[in-house]
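Trainee: I'm new to this one. Can we go through it together, a piece at a time?
Mentor: Go ahead and ask as you look.

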2 protein chains.
Amino acid sequence: MTDLTPGFTGSPLDRLDHERDDPAALAAHIANPRARLLLLDGLDPIVGADGTLAWGSLADAPADAELALLGLIEGTPRFAALTMPPADRGAYPIFALLAALPPGEAATYAAARSLIGWHARNHFCARCGTPTAVMRAGWARRCTVCDEEHFPRTDPVVIMLAEHGGRVLVGRQPRFPAGRYSALAGFLEVGESLEEAVARELHEEAGVRATAVRYVASQPWPFPSSLMIACIAEVASDEIVLDTKELDHAMWVTREDVAASLAGDPAAPFIAPPAYAIAHTLFVAWLAGR
Amino acid sequence: MTDLTPGFTGSPLDRLDHERDDPAALAAHIANPRARLLLLDGLDPIVGADGTLAWGSLADAPADAELALLGLIEGTPRFAALTMPPADRGAYPIFALLAALPPGEAATYAAARSLIGWHARNHFCARCGTPTAVMRAGWARRCTVCDEEHFPRTDPVVIMLAEHGGRVLVGRQPRFPAGRYSALAGFLEVGESLEEAVARELHEEAGVRATAVRYVASQPWPFPSSLMIACIAEVASDEIVLDTKELDHAMWVTREDVAASLAGDPAAPFIAPPAYAIAHTLFVAWLAGR
């Protein structure tokens, strides 16, 4: 309970940004017999008994798949195959796999999953409707008619604990497993700072008014490609006005409650989010006085 | 030089998220004779002598333009017309206008500009290439064939001062006005935390290695729709290896240098970014010991 490093961070990947526009460099990496391909089950990771991701050779890619150069790990080029994955099974079926992956392995997987998923959803130009083609070693697409360049999308999401009188606010979404509560969260919108998005979401979902917002930590979240930005917000009152379209229930919990939940105490008032979710990091940080 | 509130923040807009899926509520706002339309010159703001944005009536919208409900200001519904704006003239021609806009007015403008621009670039479904239609009172589009929903995009950008031995690193991009230096910056990629994006960008652009990253502030930046996330990063060495494709020059500057630049001292070693840019806030925050 002292680890403040969020899940999905710490990938050893060197992303080689400076080589993405260099076709000769890309060709050399593809021709490198030591080049490795990330092996996936659809979009899900394949995790070895030792808790590491499974890698194969480039010959394991489907014949019609283009390759994205993820970067270098331990000096070896690493690729992902840009296949059209089967329908997204969502995050839940793979949560057991994620729990078995060390954060650095999960981070490499997150980059690949978000990139593959983005390509699968962007075969056409949003500006003119024409098919697009892979460019920049798999890190962009270009329209074959209007030349518009499209880059992988990352959606900022604010996730926050409202704090009042030594307690924090937790809520449960209808889709959560039984007993699970977490920090409130929502997508940041155009024209907002992250502090403003935190204040808006807390007011929309729970009717509380933020008076101060402090940043705690961030993590990528590859379902499909969010940047989770975790904050703690002091609020003016503990009176909750629940948005029942977003949340089943919300409640204020004490430090003792949060400590019991993180410890997995069956008498705790809620089941905490898993360690790889930044909400978990947020609870740990709050207990640590951050 | 004591203001730590970033530009483009503080809009009085109540975004009315809960009404966006309610056609009757939207119709009532459109029928409200007090409803106001943000007046624009292409995508640029029209700024009155009193430094406020110009608003007209909904009758001022082009006949074929759809309307986006920005939200309420002072109890009055506020709309933007979703026109196809002329080719983006970029940020620079409107910088004088932005300097005249109070941050709250600029923030309302930023939301509208990013939203209008996003619609103009997303008339087709990126998944299947079919035309999309406006939904959610102008806050999303839906594919008319595959039903995929598309939401306005916000791109997280990290902008950071590397700090070493009491100095910070500033750089100039080739497109900057003469004498201008700023914090280094770059787009966050899928699979990265913001701290990891800061470290990667500093290493790519200047060859320095971050040992600790602290968050300072954020702002929306509507060219076309970024979330600027400002940080200060301690780095291990002051030896610069410049990426000359990204930067013309980079240099270490002292507190005295930064103070002189912010004060507009003609003897200062660089011209600071304008007050509405979060790089300016970052310099002020660094001087204030944040």
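Trainee: Leaving aside neighbours within four places in sequence, which residues is Ile30(B) in contact with?
Mentor: Ile30(B) touches Ala35(B), Leu58(B) and Leu67(B) once those sequence neighbours are left out. Keep in mind that this is a predicted model.

Trainee: How many residues apart in sequence are Ile30(B) and Leu67(B), and how far apart in space?
Mentor: They are 37 residues apart in sequence, and their C-alpha atoms are 8.8 Å apart in space.

Trainee: Which helix is Ile30(B) in?
Mentor: Ile30(B) belongs to helix H1 of chain B, residues 23-31.

Trainee: Is Ile30(B) buried, exposed or partly exposed?
Mentor: Ile30(B) has 14 other C-beta atoms within 10 Å, so it counts as partly exposed. Being buried would take 20 or more, and being exposed 12 or fewer.

Trainee: Next, the sheets. What is the strand order in the open sheet of four strands in chain B?
Mentor: The order is E4-E1-E6-E5, and the pairing is mixed. Strand E4 (55-57) and strand E5 (66-73) of chain B are the edge strands, and each pairs on one side only. On average, neighbouring strands of this sheet are turned by 40 degrees against each other, direction ignored.

Trainee: How many bridges join E5(B) to E6(B)?
Mentor: Seven bridges join E5(B) to strand E6 of chain B, residues 76-82, and the two run antiparallel. As one example, Glu66(B) has Leu82(B) as its bridge partner in E6(B).

Trainee: Which helix packs on that sheet?
Mentor: Helix H3 of chain B, residues 103-120, packs on the sheet and touches strand E1 (36-38), E5 and E6 of chain B. The direction of H3(B) makes about 35 degrees with that of E6(B).

Trainee: And the open sheet of three strands in chain B, what order does that have?
Mentor: That sheet runs E7-E8-E9 with antiparallel pairing. Strand E7 (132-135) and strand E9 (149-150) of chain B each have a single partner strand, so one side of each is left without a neighbour in the sheet.

Trainee: How many bridges join E7(B) to E8(B)?
Mentor: Four bridges join E7(B) to strand E8 of chain B, residues 140-143. In E8(B), Val134(B) has Arg141(B) as its bridge partner.

Trainee: What about E7 and E8 in chain A, how many bridges there?
Mentor: Four bridges join strand E7 (residues 132-135) of chain A to strand E8 (residues 140-143) of chain A, and they run antiparallel. The bridge partner of Val134(A) in E8(A) is Arg141(A). The hairpin of E7(A) and E8(A) has four residues between the strands, and Arg136(A) takes a positive phi near 50 degrees in it.

Trainee: Staying with chain A, what domains is it divided into?
Mentor: Chain A has domain 1, residues 17-121, and domain 2, residues 155-287. Their centres, taken over C-alpha atoms, are separated by 31 Å.

Trainee: How many residues does each domain of chain A bring to the contact?
Mentor: Domain 1 of chain A brings 11 residues and domain 2 of chain A brings seven. On the domain 1 side, the elements giving two or more residues are helix H2 (95-100) and helix H3 (103-120) of chain A. H3(A) gives the most to that side, with seven residues. By class, that side has eight nonpolar, two polar and one charged residues.

Trainee: Now helix H6 of chain A. How many of its residues are buried?
Mentor: Seven of the 10 residues of H6(A), residues 278-287, are buried, so the helix is largely enclosed by the rest of the structure. Ile278(A), His280(A) and Phe283(A) are among them.

Trainee: What covers the buried residues of H6(A)?
Mentor: The cover includes strand E10 (155-164), strand E13 (210-221), strand E14 (226-235) and helix H5 (255-262) of chain A.

Trainee: How many residues does each chain give to the contact?
Mentor: Chain B gives 42 residues and chain A gives 42 residues. H3(B) gives the most to the chain B side, with six residues. By class, the chain B side has 18 nonpolar, 12 polar and 12 charged residues.

Conventions: Residues are numbered from 1 along each chain as its sequence is written. Chains are lettered from A and ligands numbered from 1 in the order in which they are written. This is a predicted model: local features need pLDDT of at least 70, side-chain atom pairs count only at pLDDT 80 or more; totals for chains, interfaces and linings use all residues. Two strands pair if DSSP finds at least two bridges between them. Axes are lines fitted to C-alpha atoms, for helices over the stretch in contact, and angles run from 0 to 180 degrees between N-to-C directions. Two residues are in contact if their C-beta atoms, placed from the backbone, lie within 7 Å. Domain bounds come from an automatic or database domain assignment. Ala, Val, Leu, Ile, Met, Phe, Trp, Tyr, Cys and Pro count as nonpolar, Asp, Glu, Lys and Arg as charged, and the others, Gly among them, as polar.
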